[in-house]
Structure formats: C-alpha cells, structure tokens
Amino acid sequence: MKYLIISIFLSLSFSIQIMHFSGDVSHFSKMNSGTYLSKNHRILDDNIASLSFIHLPSNILYSEFFGEFSVNNLLIAPRLGIIDYGTLSSISGNDFRPYESLIEVTAHKYIQNTRYSGSIGYIISTISNYKSSLLLYNFGLSQSMLNNRLDINLSFENNTTILNQYSNVMNQYSPHQRLNIEYILKYLPLNIFIDLLHNEDIIATTFGTQVFINDIVNVYGAKKFYFSDSEYNIFDNVSTGLSISNDRFQLNFGVQLLSAFNISYGTSLLMKFK
C-alpha cells in the first residue's frame, strides 16, 4: 500500500525533485543551508573527489559522485546525482522503478575577495513509460570580509528550461533567491550562520552553527523555520552532524529530523588530491 500511495503521488504531481538535493553532507547537517553554488564548492585549494549517500523517508535513496579541480584559474566542479525511489506498483499491479538523474557542471572564479559562480545541469526523470527532462541553471556570488571571518553569499537558484513534460499538464518550477551569511567568531571556536530562502511559495530561514572541536572534528547543528507554516512544531526541521578530516580525506555524517516520523540521514567520503 505504501508503494501504491507513492506511485499515485508521483503520477499526479510528477514534479522533479533532484534539483533540491546535494551530496554535500556538511550542508545537509546544517538543514540544507547555504547557496546552491556553495554546496558545489566543498574544499578550498584542493582537487577532490567525493561519494555521497542520503537516505530519505520511504526508503528513497539519493546517491552522488562529485569532483572539483582547477583549470586556468577556474574551479570546475562536475557532479552526477541519482534519486532511486525503489520498486513501486501501479494501480493495475505492474511494478516499475522510477528514478531521477542529474548531470551538472559548476564553475567558480575568484577575483580578490569575491567568488563568482554559475552552474548548468541536465535532469531527466523517468516514471514507468513517462519521461521528463529539463535544463537547470544557477548563478551567484560570495563576498569575504573582515579578514575572511564574514562571508555573504547571494544566489539565484532553480532557474529552469523545460525540455520534455510527462504529459500535457504544464509543471512550474519556481526560481529561488537565497541569502546566506556566515560569521566566524574571533574568540570562540565556532561560526554562526543565517540562511534566508524565498520564492513565490515559500519563505524560510535557517539558523545554525559549526563548532570546531579541534583540527580534525567539526560538529554542526541547525534549525529551519517556514513562515507560511501555521501549525509548526519546534522540534521539526532540525539537523545535526559531524565531519572528521585530515590531509587526505574528509568523512561526513548528518541527520535531519523533518518531523516526528520522518528522518533523513546521510554520509559522504571526500578524498583530496594534489
């Protein structure tokens, strides 16, 4: 019955979801805060490769391969992401396996204390014999101030060009505007942040912190508020996580409590190369 309900929901809404996911588990541990482009810039001054897995409610799995390297003073970050919804059943009793996949490239350019970023991706979604595809593009900038202790990030996200629809019912994807401000405290081993997300349907803000336990271990925590939610539980939409790193790798683990009965968790392994 659970798979039948999910199947009906997918067939009716057929809204592509993978554009909202990132394999950056450190941002996942901060309740998905941070701009879309900052999630595609994961370690400064290193060539990296990363593999991530995020387990969502109803046994939905998001998997991602991510890389980042420097070419002619540009940072290039390709990624491949897949959402596997598992085996579902149609009303007629036929089994099928819906999935969504994303191929994307992000470019970052530093000019003094400002980082300019842009990305373009191709998304395809398959539900039984129905397919949908679109182009996704995002752009924004990040400004560092106060000896790199204050970062102000602004991005324009979720811009789409629909290439193919599941049916003749048009699906709308609302562009997002996001402002993220992070500040590293001078006398305490932590940073604090506020993240503001806006589109025509949602206004949300996230507050959180990153605690530097030592040179190896960091701990994250965050809480997201939706201003349009009139029946809000203070314990909904909270997250925590940790990262363990050295000169060669970074291991991340994070958990999100979306509601009393909906928990997501994820892990990633990031390797550094010279």
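Helices (H or I, at least four residues) and strands (E, at least two) are DSSP runs, numbered from the N terminus. The model is predicted: local features need pLDDT of at least 70 and side-chain atom pairs pLDDT 80 or more, while totals for chains, interfaces and linings use all residues. Residues are numbered from 1 along each chain as its sequence is written, and side-chain values use heavy atoms, without hydrogens and water.

Select Ile-213, in the loop between β12 (203–212) and β13 (217–226). Ile-213 belongs to a nonpolar surface patch of about 810 Å², whose members include Leu-242, Phe-253 and Tyr-265.

Move to β6 (residues 99–111), which runs antiparallel to β3 (residues 74–84) with 10 bridges; pairing requires at least two bridges found by DSSP. Gly-81 is opposite Leu-102. On β7 (residues 114–127), 13 bridges join the strand to β6, also antiparallel. Ile-111 is bridged to Thr-114. Two residues separate the strands of this hairpin, and Gln-112 has a positive phi near 55°.

Finally, show Ile-16, Ile-83 and Leu-136, among the residues with the most contacts inside the largest nonpolar core, which has 17 residues. A core joins buried (under 20% relative accessible area) Ala, Val, Leu, Ile, Met, Phe, Trp, Tyr and Cys through side-chain atoms within 4.5 Å. A second, separate core of five residues includes Ala-77 and Leu-270.

Note on methods. Patches are made of residues with over 30% relative accessible area and no salt bridge: like charges are joined within 9 Å, nonpolar side chains (Val, Leu, Ile, Met, Phe, Trp, Tyr) within 5 Å. Accessible areas come from the Shrake-Rupley method with a 1.4 Å probe; for residues, only the protein chains shown count as cover. A salt bridge is a side-chain nitrogen of Lys or Arg within 4 Å of a carboxyl oxygen of Asp or Glu. Buried means under 20% relative accessible area, exposed over 50%, partly exposed in between (1.4 Å probe, protein chains only).
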